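Please view the sequence and structure below before reading on.

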Amino acid sequence: CLLALFISNTYSQSFKTVGNKIYYDDKWVTFNGIGLTCTEYMMKPEMDSLNPYPGYWAFTSCFGGPSSKGGPIELNKEPQNVLNYLTGNNFTQSPQTKKVAFKSPFDQVVDTTESPDHFPIVRMPMTASCYLYDQDVDTGNHADYVNTIDKLVEFFTSNSVAVVLDLHWNCPDDSAISGCTGAQGAPMALAKFGSNPGAVTFWSTISKKYAANPLVLYELFNEPWLQPQDFTSYYNGDSKYAGMKQMYEAIRSNTDNPIIIGGAQSYALDAQTLLGFWIQYGTDNNGKYPTNVIFNHHPYQGAGQGLEHSPQSVMRFALASKTVAPVIFTEFGQYCCGSKGKPCAGGTCTNSDTGDNFVFNIVNMCLQYDISWIGWAWRGTNDDYPCHSTPDCNQPDMRNTDGTLVDATYGGADWKTVWSTFVSASSPQVQDAVNGETLAPKVMEPAGYLVRPCIQGDYNLGGICGWDEDVSTTSGIITVHNLTVQSIYDSYLPGLPPNGSCAGQGCANIQCQTYTGPCQGQ
């Protein structure tokens, strides 16, 4: 059984990955949590050009900042609003989970005899240049940004909530640093911010500071969007980009805490280059693979996303990635889809069939397949364009107007129902609304639609069916090129041995496509 291949070891109050599982204090866990947003832009240059003082917006509309002009850094009420859902009766850490018992061969990929505990987590997006350099902070002092982040980390981790520190942007969209690509304009972490040291220095600084805090995790870069031919830049870095290996090793020089890595392509929706990273690192280090890493994907639906974002395809990315490492979705959401209420100004749903119940079905799938997740996102006090304190499903928001989870009144996901069904419930039950049927594209997916392994045809992802279990990832038979040339739009069964074969992914009777590489007759 794919999810039962790895044996628990004893760890003392720290997170460790063993195979595709995460352990904390000798207990198997998956993360359930809430993503913050606004921390990446809360103090960017000119943020407070119309406000009483620099840092005012961060304190009043984000999660904290200078409480007065030149005053001390303080948190506002929003961190507590978030914490309310991650502690006490709103969060069950040791639920009695009831999964759907798959029939053969799908039972190979789901462990129905054991389920993990749930560990609360928040994700904190950051802008690296704001953390390092005075000129990219509206107060003129990067220590104000640093100290605000410090207070948030201390607030959550002191309440036993894990924190993901996410390099979300290199520089803000109005960066004062000449030559630093702002916001989402860069497809990868930058080697330099203008003429200043860039992402590697950022991670070296961050990981050194929090090395002694076992509840801090590191997400190397939010959403890479390189091309297949750019794998070398993604992996090793170059004069323009900081490579994943460089950033990984900068953190590893200071701490063994978990590192979250997203794929090189399609805005962190790419299993191929994650597996390529794993292979290349093992090849470079004589069979020693990265330690304590978690692979990351960002599925969304409803605003023009194609079938590669569908639950069927997302499941395939996750199962491929889980052949070597645990998986987390550090972002996911639905844009202006939903059967309740009306979306706020500017929001339309272009994929209602797959989008109306997307968040509910992703969390349902995560419970079945033991995938960690962090919803996107709690936007401070929601004082943001265009809705001004009203949930904006075109973002999409998790916070309602009163500091509680949204209930889809304004369109978008019904996070309130998701939370009560899967997170606060003492005995959450995986739902199977269509009893195992694989729905075709453009067919309405009801709440509780649970996808099975081995989806082919319209929901595919990569050109390789898998390898026999005796194929070594360091033998030279499997190369990075085998994976990175694949397309997420047409596929069969990617994955690495011993679990990446057709049989290991629950598809023993599937005839794979003719392939000139190492398909090994499956």
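Predicted model: local features only at pLDDT ≥ 70, side-chain atom pairs only at ≥ 80, totals over all residues.

Residues are numbered from 1 along each chain as its sequence is written, and side-chain values use heavy atoms, with hydrogens and water left out. Helices (H or I, at least four residues) and strands (E, at least two) are DSSP runs, numbered from the N terminus.

**Helix α5 with helix α7**

- Helix α5 (residues 199-209) packs on helix α7 (residues 244-252) at an angle of about 25°, and their axes are 8 Å apart. Axes are lines fitted to C-alpha atoms, for helices over the stretch in contact, and angles run from 0 to 180 degrees between N-to-C directions.
- α5 and α7 are therefore roughly parallel (angles under 35 degrees count as roughly parallel, over 145 as roughly antiparallel, 65 to 115 as roughly perpendicular and the rest as oblique).
- The α5 side contributes A199, V200, W203, S204 and S207, which meet Q246, M247, A250 and I251 of α7; contact means heavy atoms within 4.5 Å.
- The residues of this contact of α5 with α7 are six nonpolar, three polar and no charged (Ala, Val, Leu, Ile, Met, Phe, Trp, Tyr, Cys and Pro count as nonpolar, Asp, Glu, Lys and Arg as charged, and the others, Gly among them, as polar).

**Helix α7 with helix α8**

- The axes of α7 and helix α8 (residues 272-284) cross at roughly 65° and come within 11 Å, which makes α7 roughly perpendicular to α8.
- From α7, M244, K245, Y248 and E249 make the contact with F277, Y281 and D284 of α8.
- By class, the contact of α7 with α8 has four nonpolar, no polar and three charged residues.

**H298**

- H298 lies in the loop between β12 (293-296) and β13 (300-301).
- H298 is buried, at a relative accessible area of 1% (buried means under 20%, exposed over 50%, partly exposed in between, with a 1.4 Å probe and protein chains only).
- Leaving aside neighbours within four places in sequence, the residues in contact with H298 include R123, E219, Y267, H309 and E331.

**N400**

- N400 sits in the loop between β16 (372-378) and α12 (415-423).
- With a relative accessible area of 10%, N400 is buried.
- Apart from neighbours within four places in sequence, N400 is in contact with N382, P391, L405, V406, D407 and Y410.
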